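Okay, thanks everyone, let's get going.

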Amino acid sequence: MLQIKVVNKGHQPLPQYATPQSAGMDLRANLDAPVTLKPLERRLIPTGLHIALPVGYEAQVRPRSGLALKKGVTVLNTPGTIDADYRGEIGVVLINLSHEDFVVEDGERIAQMVIARHEQGAFEEVEVLDETERGEGGYGHTGVK
């Protein structure tokens with residue numbers, strides 16, 4: 001298992017995997033007081049966590065499916081990327097897409113974080129790209145069914 005250094009400046013437990021095969025760990029709100037999100041309002045919710053990822057890894061912040069389905073609350077910039085050289089507090093940009101106020105409580109599971117490998121690419125400028133069957137087809141090119 002990949003070791004990730006963490007400083008917890010909050011009062012919530014460290015993120016954990018819910019099951020042995022979970023891809024994401026739940027992130028919890030670290031609040032002094034509840035935060036109310038009005039319909040269509042977005043807020044940066046603190047977690048109290050600061051991490052140091054190994055080079056070649058990122059942390060992706062993603063919505064929790066239950067919160068999205070049941071309450072209409074999701075992560076606005078999804079997936080949000082935490083780079084290996086970032087040392088600030090992890091914050092989650094939540095948006096309330098429902099028609100009702102949503103109250104974020106201290107300790108509430110607000111998002112999930114997935115650790116993923118990545119590579120950097122270097123662009124090589126060319127005059128022509130190789131031909132493929134798809135070509136320039138995009139945005140619905142393959143049909144509905």
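This is a predicted model: local features need pLDDT of at least 70, side-chain atom pairs count only at pLDDT 80 or more; totals for chains, interfaces and linings use all residues.

I'll go through the salt bridges and then the nonpolar core.

How many salt bridges does the count come to? The count is 4. I'll talk about some of them, starting with the ones around D26.

R64 makes a salt bridge with D26, and the closest N and O atoms there are 3.4 Å apart. Now, R64 is in the loop between β6, residues 57-62, and α1, residues 65-71, while D26 is in strand β2, residues 24-28, so this pair ties together parts that are 38 residues apart in sequence.

What about burial? R64 has a relative accessible area of 18%, so R64 is buried. D26 comes in at 17% relative accessibility and counts as buried too. If you're wondering about the cut-off, buried means under 20%.

R109 forms a salt bridge with D26, with the closest N and O atoms 2.9 Å apart. R109 sits in strand β11, residues 109-117, and D26 in strand β2, so here the pair ties together parts 83 residues apart in sequence. Is R109 buried or partly exposed? R109 is partly exposed, with a relative accessible area of 34%.

Another one to click on is R43 with E41: their side chains meet in a salt bridge at 3.6 Å, N to O. R43 counts as partly exposed at 35% relative accessibility, and E41 is partly exposed as well, at 24%.

Okay, on to the core. The largest nonpolar core has 27 residues, and the members that touch the most others are L27, I45, V92, L94, V104, I110 and M113. Which strands supply at least two residues each? That would be β2, β3 (35-37), β5 (49-52), β6, β7 (73-75), β9 (91-96), β10 (102-104) and β11. The largest share comes from β11, with 4 residues.

Last stop, V104. What is V104 in contact with, leaving aside its neighbours within four places in sequence? The list is A29, L31, P34, V35, L37, I45, L94 and I110. Of those, I45, L94 and I110 are also among the core residues that touch the most other members.

That's me done, happy to take questions.

Conventions
Residues are numbered from 1 along each chain as its sequence is written. Side-chain values use heavy atoms; hydrogens and water are left out. Buried means under 20% relative accessible area, exposed over 50%, partly exposed in between (1.4 Å probe, protein chains only). A nonpolar core is a set of buried Ala, Val, Leu, Ile, Met, Phe, Trp, Tyr and Cys residues joined through side-chain atoms within 4.5 Å. Contact means heavy atoms within 4.5 Å.
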